[in-house]
Amino acid sequence: MSSSDEDNTVTLGWEAPLTRIDGSKLYPGEIEGYRVYYRQSGDPDFDVQVIEQAGTTQWQPSQLPSGEYQFAVSTLDTSGLESPRSETLRVTIP
């Protein structure tokens, strides 16, 4: 997962996974979408943005106040299974 920021906005991008947690192949047609977990540092709970298009591998949150945020992404497959979350990425929005 990566980020870029311009003009107080952030765009998160990630690559679609090629394998499942058990190491078996995950075909592109088996991906239903993604969940983006995010919270401002210090908040106890994550908010969730569901991305329902399997081909979409970026998200630009809108109207986040200035501060440090944590983001993580998981993959949803067509069977309704959710992968573990990615490593947390910390981003500061000026």
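A residue is called buried when its relative accessible area is under 20%, exposed when that area is over 50%, and partly exposed in between. These words are used in the legends below, which describe close-up views of a predicted model.

**View 1. Asp77 and Arg20 are joined by a salt bridge**. Arg20, at 27% relative accessibility, counts instead as partly exposed.

**View 2. Arg20 also forms a salt bridge with Glu30**. Glu30 counts as partly exposed, its relative accessibility being 25%. Taken together with the pair in the previous view, Arg20, Glu30 and Asp77 are linked in a network of salt bridges.

**View 3. Arg90 and Glu68 meet through their side chains in a salt bridge**. The N to O distance is 3.6 Å. Because Arg90 lies in strand β7 (residues 89-93) and Glu68 in strand β6, this pair ties together parts of the chain that are 22 residues apart in sequence. Arg90 is exposed, at 53% relative accessibility, whereas Glu68 is partly exposed, with a relative accessible area of 34%. The structure as a whole holds four salt bridges, and the Arg90 and Glu68 pair is a salt bridge of this structure.

**View 4. Ser74 is a buried residue** **of strand β6**. The strand runs over residues 67-77, and Ser74 has a relative accessibility of 1%, so it counts as buried. Leaving aside residues up to four places away in sequence, Ser74 touches Gly33, Tyr34, Arg35 and Tyr37, as well as Glu82, Ser83, Pro84 and Arg85. With one of these residues, Glu82, the side chain of Ser74 also makes a polar contact of 2.6 Å. For a sense of distance across the model, the C-alpha atoms of Ser74 and Gly29 are separated by 16 Å, and these two residues are 45 residues apart along the chain.

Technical notes
Residues numbered from 1 in each chain as written. Predicted model: local features only at pLDDT ≥ 70, side-chain atom pairs only at ≥ 80, totals over all residues. Heavy atoms only, no water. Helix = DSSP H or I, 4+ residues; strand = E, 2+ residues; numbered from the N terminus. Buried < 20%, exposed > 50% of the residue type's maximum accessible area, 1.4 Å probe, protein only. Contact = heavy atoms within 4.5 Å. Polar contact = N/O pair within 3.5 Å; in protein donor to acceptor, adjacent residues only side chain to side chain.
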